[in-house]
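I open this notebook to record what I looked up, chain by chain. The entries follow the order in which I checked them.

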Amino acid sequence: MLLAADDVRRAITRIAHEIVERDRDLSALAIIGIRARGDALAARIQSAIRANEGTLVPIGAIDITLYRDDLTRIGYAPVVRESEIPFSVDERVVVLVDDVLFTGRTIRAAMDALVDYGRPRAIRLAVLVDRGHRELPIRADFVGKNVPTAPGDDVRVHLAEVDGRDEVEVVTRVPA
Amino acid sequence: MKWNRRHVLDTDDWSRDEIETVLDQTRAMIEILQRPIRRAPPLRGRTVILFFAESSTRTRVSFELAAKALSADVTNITASGSSVDKGESLYDTVRTLQALGGDVVVMRHASSGAPYFVAERTDAAVINAGDGWHAHPTQGLLDAYTLRDALGDLEEKRIVIVGDVLHSRVARSDINTLLPLGARITLSGPPTLIPTAWRCGQLPHSVTYESDLDLALDGADAVIALRLQRERQASGLLPSLREYSRVWGLTAERVARMRSGAPVMHPGPMNEGIEIDPAVAHGTRSLIEAQVTNGVAVRMALLYLLAGAGTATPVEERA
C-alpha cells in the first residue's frame with residue numbers, strides 16, 4: 001500500500017493549503033475535477049479550503065472522453081459522462097484535479113475540453129499521485145505524492161465516494 | 001454499457017440496456033450543446049453522408065447539426081424526387097455512397113426496408129432517418145429521452161398516442177422504444193387509421209386501443225399527437241378535416257383530463273388547428289421545442305456510438 005486513508009486525507013489538506021498560498025485571490029479560483037475520481041478529489045479540496053479559509057470555491061467536473069487522442073485506436077466507443085461546469089471559466093484561475101498523473105495525455109485532453117468553455121486566466125494542475133513516465137510536456141503544480149514506478153506498474157487509487165474506501169496501492173507487474 | 005451495433009435501422013429488437021445506453025449518452029451530449037463552444041472533436045476526419053430520398057427539413061438539419069457538433073464532415077445527397085423505383089436506382093445510389101467512402105450514411109426513404117437494403121451493401125454504418133410507414137428510430141429515442149426527462153422513470157407510466165397510427169412510423173418507433181422502458185401505451189384515433197389487427201384486439205403487450213380520446217386521456221401521464229397527412233382525406237379514410245379536428249384534436253379542455261402537468265408532444269411539423277390546438281402546442285405543458293433540441297443530442301449520441309471509436313476489433317483500453 002502506498003497511501004492509507006489518513007495519508008490521502010493529509011495530502012488533500014496540504015494541496016488545499018498550497019492552492020490558497022499560490023493564488024491568494026480566492027474569488028477568481030475554481031476547481032475542476034476530471035471524471036471519475038478527480039471530481040471527488042475536487043469536492044474534498046473544496047471542503048478543505050472552506051475549513052481553512054471559510055470560502056466556498058466553486059467546483060466542476062469534466063469528462064474528457066470525447067477529447068481522447070486514442071479514440072480512433074480503440075475498438076468501441078467508451079462511455080461519455082456529463083461534464084458539469086456551472087460557472088464561467090473566463091478570467092478564472094482553474095485548478096484541474098486528477099487522481100494519477102502518468103503520460104499527461106488525459107491532462108492534454110482536459111485542457112482542450114476546458115478551453116471550449118472559455119478562456120481561463122490560468123490553468124493549474126493538482127494530482128494525488130505523480131507516477132512519472134510523461135509522454136507530453138506537462139507537469140503538476142500540486143502533488144500529493146511522487147512515486148517512482150515502472151511503466152508496466154498499475155497505480156490504483158480508491159476513493160470512498162467511488163470505491164467505498166480511501167487507499168492508493170501500486171501493483172507491480174512481476175516479470176514472468 | 002452495452003453497445004455493439006453497427007447500424008441503427010429499427011429499435012424493435014433493442015434491449016432495455018441498449019436504449020438506456022443511448023439515453024445516457026444523450027444526456028452528456030445535451031451538455032455539449034449548452035457550452036459556449038458547441039463542438040467536441042470525436043468525429044474529426046469522419047464523413048457523414050445525409051441521403052434523403054424523401055422530403056425532410058427538420059430531421060435532416062438535426063442530423064447535420066449533430067454531425068457538425070461532433071466535428072464530422074457532412075455531405076448531402078438529395079434524390080431527384082422522382083417516383084422511387086427500388087432495386088436498380090437505389091442500388092446505383094448505394095454504389096455511389098460506397099465510392100464516396102462515408103463512415104456513416106443517414107438515410108430517409110419512402111420505401112419501408114430501404115435502409116436494410118443499403119446496410120447490407122455498404123461498409124458504412126447506416127442510420128435510418130425514416131423509411132416508409134415502417135420505422136423512425138431516432139424519433140422514438142428522442143421521444144423516450146424527452147419523456148424520461150419530464151417524468152423520470154417510465155415504469156408504469158401511461159402514454160397516449162393519438163392520430164394516424166396506421167401510416168405512422170413515429171408511432172411504431174415510439175411503441176418499440178417506450179415499451180422496453182416499462183411504459184404502457186394507449187392508442188387513440190379514427191378506427192380507419194388504426195391497423196385492423198390492433199383495432200380488433202391483437203395488440204402488443206402493454207398497449208391498448210381506446211376509441212374515445214377523452215377516456216384515453218383520463219389520468220394519462222403524457223400525450224403524443226401524430227401529424228395528420230392531409231391526403232388521407234382524399235383517400236376516403238376521413239370524412240373531413242373539420243370533423244377530425246373536432247373529434248381527435250388536442251384542445252386545452254382535453255389536455256386537462258390528464259394527470260396534472262402531464263406533457264404534450266408532437267413530432268412535427270404540426271397542422272395547428274387540426275390535430276393540435278395552437279394554445280396547446282405553445283402552452284406551458286408543450287415539450288415540442290424540447291423535442292427538437294433533444295433530437296440533436298440523441299443523434300449526436302448515436303453518431304458517437306457508431307463512429308466515435310476506430311477499429312472493429314476491441315483492444316484493451318489504456319489507463
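How many helices and strands does the secondary structure of chain B come to? I noted 13 helices and nine strands for chain B. I record at the outset that the model is predicted.

**Entry 1: chain B, overall form.** I looked up the radius of gyration of chain B and found 20 Å, which agrees with the value near 20 Å that a compact globule of 319 residues would have. Along the principal axes, I read a span of about 55 × 45 × 35 Å for the C-alpha trace of chain B. I then checked burial: 47% of the 319 residues of chain B count as buried. For contacts in chain B with a separation of 6 or more, I found that 75% join residues 24 or more positions apart.

**Entry 2: chain A, overall form.** I turned to chain A and listed four helices and seven strands. Read from the N terminus, the elements of chain A follow the order α-β-α-β-β-α-β-β-β-α-β. The radius of gyration of chain A is 16 Å, close to the 16 Å given by the globule rule for 176 residues, so chain A is as compact as a globular protein of that length. I noted a box of roughly 55 × 40 × 30 Å, along the principal axes, for the C-alpha atoms of chain A. Residues 24 or more positions apart supply 68% of the contacts in chain A with a separation of 6 or more.

**Entry 3: the sheet of chain A.** In which order do the five strands of the open sheet in chain A lie? I recorded β2-β1-β3-β4-β5, with parallel pairing. At the edges I found β2 (59-62) and β5 (142-146) of chain A, each of which pairs on one side only. From one strand to the next, the twist averages 25 degrees. I then examined one pair: β1 (residues 29-34) of chain A joins β2(A) in the parallel sense over four bridges. Within β2(A), Ile62(A) is the residue that stands opposite Ile34(A).

**Entry 4: helices across the sheet.** Which strands does helix α2 (residues 38-53) of chain A lie across? I listed β1, β2, β3 (93-101) and β4 (122-130) of chain A, and noted that α2 runs at about 150 degrees to β1(A). I next looked up helix α3 (residues 105-115) of chain A, which lies across β1, β2, β3 and β4 of chain A. The direction of α3 is at about 155 degrees to β3(A).

How values were computed
Residues are numbered from 1 along each chain as its sequence is written. Chains are lettered from A and ligands numbered from 1 in the order in which they are written. This is a predicted model: local features need pLDDT of at least 70, side-chain atom pairs count only at pLDDT 80 or more; totals for chains, interfaces and linings use all residues. Helices (H or I, at least four residues) and strands (E, at least two) are DSSP runs, numbered from the N terminus. The radius of gyration is taken over C-alpha atoms; the globule rule is 2.2 Å times the number of residues to the power 0.38. Two residues are in contact if their C-beta atoms, placed from the backbone, lie within 7 Å. A residue is buried if 20 or more other C-beta atoms lie within 10 Å of its own, exposed if 12 or fewer, and partly exposed in between; C-beta atoms are placed from the backbone. Two strands pair if DSSP finds at least two bridges between them. Axes are lines fitted to C-alpha atoms, for helices over the stretch in contact, and angles run from 0 to 180 degrees between N-to-C directions.
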